Amino acid sequence: MTILSPTWTAILYLVAAVCFILALKGLSSPKTARRGNLIGAAGAIIAVVTVFLSSRLDNIPWILAAIAVGSAIAAPVARRVQMTQMPQLVALFNGVGGGAAALVALLELAHTDDPWVRIAIVFTLLVGAVSFSGSLVTFAKLQELMTTRPVVFPGLPVIMGLVLLAAIGAGVALVFTGAGWLAAVLLALGLLAGVLLVLPVGGADVPIVISLLNAFTGLAVAASGLVLGNVLLVVAGTLVGASGTILTRAMASAMGRSVSGILFGAFRGGSTAGSTTASDRPVRSSSAEDVAVLLGYAQKVVIVPGYGLAVAQGQHTVAELQSALEARGIEVVFAIHPVAGRMPGHMNVLLAEANVPYESLKEMSEVNPEFKTADVALVVGANDVVNPAAKSSPGSPIYGMPILEVEDARQVVFLKRSMRPGFAGIENELLFEPQTTLLFGDAKDSLTKVLGAVKAL
């Protein structure tokens, strides 16, 4: 016996779908992101409760136990994860979603003889398995459980092609026969395809692949909705697939690269992963006091945050530095590159956590003209997003990527831990220019010393 009528079920599903759409809209801006998350969570709760009240479910104690175990694992992990590890968390959650969709399709195979439903099952099995195993590899790369560099070996393209052909063959056979062993073979081929797809990706391309796999998971969930006859799953999966695709294209565009170049660039030497060796070329280094003098007597300062700021957890210190400089009548803005950090919005969220005003955060297209009027560009833990090689070196793996044009500022100060290259693994010639000064050390410690020196001026 069900509590909700079909009419009320449809209405509640519609409410949940609207919540998901509003959540995506809210996530498009830092100002509304928190509200968007809450609306999305409310939609998910409505959807789950509606399923319980509108369906004849077996094994309810097992279902509730699974929800409890999953919540007990996920909630503490999500609360404790550092901002620098957010892409890894996204990869894991995304992989679990794809794997869950594949398992649902595998279980539903025994309950249908409809060839159209079997087509949806084949799609869900293959794409969900690719998303699951591929997401685990991206997690391992970003967590440095394996090399972040592209993993390429002789015959890899041929093996990938054979796996794809075998998957297509197994999928066609499964549609016509419905054999369970073929489903297991297709699932294994999908898992292998996911690993082979991500292994050749390295460097700054890895977060983009996470976004692509997120789109894959959305498509798998939408297809599982067709398998189960659940309209809300189709809507939610389509939203995730569409938003993931848009984000993937936006990230690729921000790096001046194509999605195909990101996935297969390593085969022709085009992946953004180069040397990890620190340069021994001479540079002009300085003390915190000297940097404080440059900042304290400037009229306009542009701060460029990067992954190093996130690693050092220096967002609160840089916010204090902004306040101290503005108290001296100095104009201070933050230049945000679309792929600064490890994912879009990484720097926005990090600085919002430190209560930096949204009005101080300026996107690349808006802030680039302002570097020409800036007395000092303070680069905190960023490298690739300000590297002029993206404009001047056709052979560079980041060539064509739009960058923040900090070289136009009168003085450029880099806060760096060492002379090791950025995530793309290439040297930044700007470090050796006459107008550039380097302050070595942990970003938070360096900012603390500079802040103290500015207050003492």
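Domain bounds here come from an automatic or database domain assignment. On that basis, the protein splits into domain 1 (81–267) and domain 2 (288–456), and their centres, taken over C-alpha atoms, are 36 Å apart.

A word on the ground rules: this is a predicted model, in which local features need pLDDT of at least 70, side-chain atom pairs count only at pLDDT 80 or more, and totals for chains, interfaces and linings use all residues. Residues are numbered from 1 along each chain as its sequence is written, and side-chain values use heavy atoms, with hydrogens and water left out.

**Cores.** A nonpolar core is a set of buried Ala, Val, Leu, Ile, Met, Phe, Trp, Tyr and Cys residues joined through side-chain atoms within 4.5 Å. Buried means under 20% relative accessible area, exposed over 50%, and partly exposed in between (1.4 Å probe, protein chains only). The largest such core has 44 residues, and Phe 371 and Val 304 are among those with the most contacts inside it. Helix 8 (residues 206–228) supplies the largest share of this core, six residues. Domain 1 (81–267) and domain 2 (288–456) each give this core at least three residues. Apart from it lies another core, of 38 residues, including Ile 330 and Leu 451.

**Two residues in helices.** Helices are DSSP runs (H or I, at least four residues), and strands likewise (E, at least two), numbered from the N terminus.

Contact means heavy atoms within 4.5 Å. Not counting residues up to four places away in sequence, Thr 138 touches Ala 91, Val 198, Val 206, Val 209, Ile 210 and Leu 213. As for Gly 97, its C-alpha atom is separated by 39 Å from that of Val 333, 236 residues apart along the chain.

**Helix 13 and what follows.** The expected span of a helix is 1.5 Å times one less than its number of residues. For the 13 residues of helix 13 (residues 315–327) that gives 18 Å, in agreement with the 18 Å between its end C-alpha atoms. Among the buried residues of helix 13 are Val 318, Leu 321 and Leu 325. Just after helix 13, Gly 329 has a positive phi of about 85°.

Arg 328 sits over the face of Tyr 297, at 5.4 Å from the ring centre; the criterion is NZ of Lys or CZ of Arg within 6 Å of the ring centre and within 35 degrees of the ring normal.
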